[in-house]
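Hi everyone, thanks for coming. Today I'd like to walk you through one structure, so please have a look at it with me.

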Amino acid sequence: MSDILQQLEALLDERRQASPDTSYVAQLHAKGLNKILEKVGEEATETLLAAKDAQRSGDHQEVIAETADLWFHSLVMLSHLGISHQQVLDELARRMGISGLEEKASRNQ
């Protein structure tokens, strides 16, 4: 899985430097963090709605597509902030073997 994330991160870095006239990613970066966050929120909402539809219909294709959009825009957000996807993967790895309840409680300390 990290291979595709590495490839996508490299592509996002490349496109960030491109002209906003030729690259959607460059357009997002040029518009700034608030626009990127707006897109992350929009994609999160669309993912939630697709999941609800998938539960009713049994067709998962739309929730898969919307989750891909959400992940993509989340990676653009991380890129904009200078955060590597690897830092997120490292955090997930750190949490492995820790109960969700324990991990959540540790954030409150």
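Let me start with a term we'll need: a polar contact is a pair of N or O atoms within 3.5 Å, where, within protein, one must be able to donate a hydrogen and the other to accept it, and residues adjacent in sequence count only if both atoms are side-chain atoms. Two notes on the source as well. This is a predicted model, in which local features need pLDDT of at least 70, side-chain atom pairs count only at pLDDT 80 or more, and totals for chains, interfaces and linings use all residues. Residues are numbered from 1 along each chain as its sequence is written, and side-chain values use heavy atoms, with hydrogens and water left out.

Now the overall picture. The protein chain has six helices and zero strands; here helices (H or I, at least four residues) and strands (E, at least two) are DSSP runs, numbered from the N terminus. Of its 109 residues, 25% count as buried, meaning under 20% relative accessible area with a 1.4 Å probe, protein chains only. The C-alpha trace spans about 45 × 40 × 30 Å along its principal axes.

Let's zoom in on one residue, Thr47, which sits in helix H3, residues 33-57. Is Thr47 buried or exposed? Thr47 is buried, at a relative accessible area of 12%. Its side chain reaches the backbone oxygen of Glu66 at 3.1 Å. Leaving aside residues up to four places away in sequence, Thr47 touches Val63, Glu66, Thr67 and Leu70, where a contact means heavy atoms within 4.5 Å.

Next come the helices themselves. H3 packs with helix H4, residues 61-80, at an angle of about 160°, their axes 8 Å apart. Those axes are lines fitted to C-alpha atoms, for helices over the stretch in contact, and angles run from 0 to 180 degrees between N-to-C directions. H3 and H4 are therefore roughly antiparallel to each other, a label for angles over 145 degrees. Thr47 is one of the H3 residues making this contact, and the H4 side includes Val63, Glu66, Thr67 and Leu70.

At its start, a side-chain oxygen of Ser84 reaches to within 3.0 Å of the backbone nitrogen of Gln86. Just after H5, Gly97 takes a positive phi of about 85°.

Definitions and conventions: Buried < 20%, exposed > 50% of the residue type's maximum accessible area, 1.4 Å probe, protein only. Parallel < 35°, antiparallel > 145°, perpendicular 65-115°, else oblique.
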